[in-house]
Amino acid sequence: MSVTRHDPSAILSQAVEHGNTVYLAGVVAKNLDNDVKGQTKEILGEIDRLLAKCGSGKSKVLQAQIWVTDIRNRAPMNEVWTAWVDAKNLPARACVEAKLADPRALVEIMVIAAK
């Protein structure tokens with residue numbers, strides 16, 4: 001089976017396709033001045049872009065891993081997540097508190113999706 005890599009950098013590819021599965025790297029917002037809702041909205045927009053580039057979409061997300069720097073931000077992040085996610089095709093999901101690489105980043109999301 002072939003492997004296709006998208007948007008590579010020096011240390012990772014933003015998306016990797018293998019067979020009928022799409023693996024996204026953890027996505028953080030570019031505008032780290034936004035609050036957790038603004039960062040989550042930006043991240044989900046980038047996830048939409050990457051999934052579309054791979055021939056997939058949010059209705060095909062199988063699993064999501066979400067990291068928030070303060071678990072108290074889980075509820076406002078979930079408001080944006082709930083408005084975005086396909087309610088008829090909910091993925092398996094985890095959301096945990098973690099320290100992220102940039103202290104201004106409030107949330108990071110990583111997904112695996114079918115094509």
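1. M77 has a relative accessibility of 0% and therefore counts as buried, where buried means under 20% relative accessible area, exposed means over 50%, and partly exposed lies in between (1.4 Å probe, protein chains only). M77 is found in helix 2; helices (H or I, at least four residues) and strands (E, at least two) are DSSP runs, numbered from the N terminus. The model is a predicted one, in which local features need pLDDT of at least 70 and side-chain atom pairs count only at pLDDT 80 or more, while totals for chains, interfaces and linings use all residues. Residues are numbered from 1 along each chain as its sequence is written, and side-chain values use heavy atoms, with hydrogens and water left out.

2. Which residues does M77 touch, leaving aside its neighbours within four places in sequence? M77 is in contact with V36, T40, I66, R93, C95 and V107, contact meaning heavy atoms within 4.5 Å. M77 and Q39 are 38 residues apart along the chain, and their C-alpha atoms are separated by 8.7 Å.

3. Helix 2 spans residues 74–84, and its buried residues are P76, M77, N78, V80, W81 and W84. The cover over these buried residues includes helix 1 (36–53), strand 4 (61–68), strand 5 (92–97) and strand 6 (107–114).

4. T82 is also found in helix 2. T82 is exposed, with a relative accessible area of 55%. From C-alpha to C-alpha, T82 and V3 are 31 Å apart in space, and they are 79 residues apart in sequence.

5. Which residues of the largest nonpolar core touch the most other members? Of its 29 residues, these are I47, W81 and I109. A nonpolar core is a set of buried Ala, Val, Leu, Ile, Met, Phe, Trp, Tyr and Cys residues joined through side-chain atoms within 4.5 Å. Strand 3 (21–24), helix 1, strand 4, helix 2 and strand 6 each supply at least two residues of this core. Helix 1 provides the largest share of this core, six residues.

6. I109 deserves a separate remark. Not counting residues up to four places away in sequence, I109 touches A25, G26, V27, T40, I43, L44, I47, Q65, I66 and W81.

7. Side chains of opposite charge can pair when their charged atoms come close. A salt bridge is a side-chain nitrogen of Lys or Arg within 4 Å of a carboxyl oxygen of Asp or Glu. By this rule the model holds seven salt bridges.

8. One of the salt bridges joins D7 and R49, with the closest N and O atoms 2.6 Å apart. D7 lies in strand 1 (residues 3–8) and R49 in helix 1, so this pair ties together parts that are 42 residues apart in sequence. D7 is partly exposed, with a relative accessible area of 26%. R49 is likewise partly exposed, at 36% relative accessible area. The phi angle of D7 is near 50 degrees, a positive value in a residue other than glycine.

9. E79 forms a salt bridge with K37, and the closest N and O atoms are 2.7 Å apart. This pair links distant parts of the chain, since E79 belongs to helix 2 and K37 to helix 1, 42 residues apart. E79 is partly exposed at 49% relative accessibility, and K37 is partly exposed with a relative accessible area of 34%.

10. R72 and D70 form a salt bridge whose closest N and O atoms are 2.6 Å apart. Is R72 buried or exposed? R72 is exposed, with a relative accessible area of 68%, whereas D70 counts as partly exposed at 21% relative accessibility. Salt bridges that share partners also join D7, E46, R49 and K53 into one network.

11. The largest pocket has a volume of about 280 Å³. On a 1 Å grid over the protein atoms alone, a pocket is an open set of points where a 1.4 Å probe fits, with protein on both sides within 12 Å along at least five of seven lines, and lining residues have an atom within 4 Å of a point. The volume is the space filled by probe spheres set on the points, which are joined across faces, edges and corners.

12. The largest pocket is lined by 17 residues, of which G26, V27, V28, A29 and K30 lie nearest its centre. Helix 1 gives the most to this lining, with four residues. The lining of the largest pocket divides into eight nonpolar, two polar and seven charged residues. Here Ala, Val, Leu, Ile, Met, Phe, Trp, Tyr, Cys and Pro count as nonpolar, Asp, Glu, Lys and Arg as charged, and the others, Gly among them, as polar.
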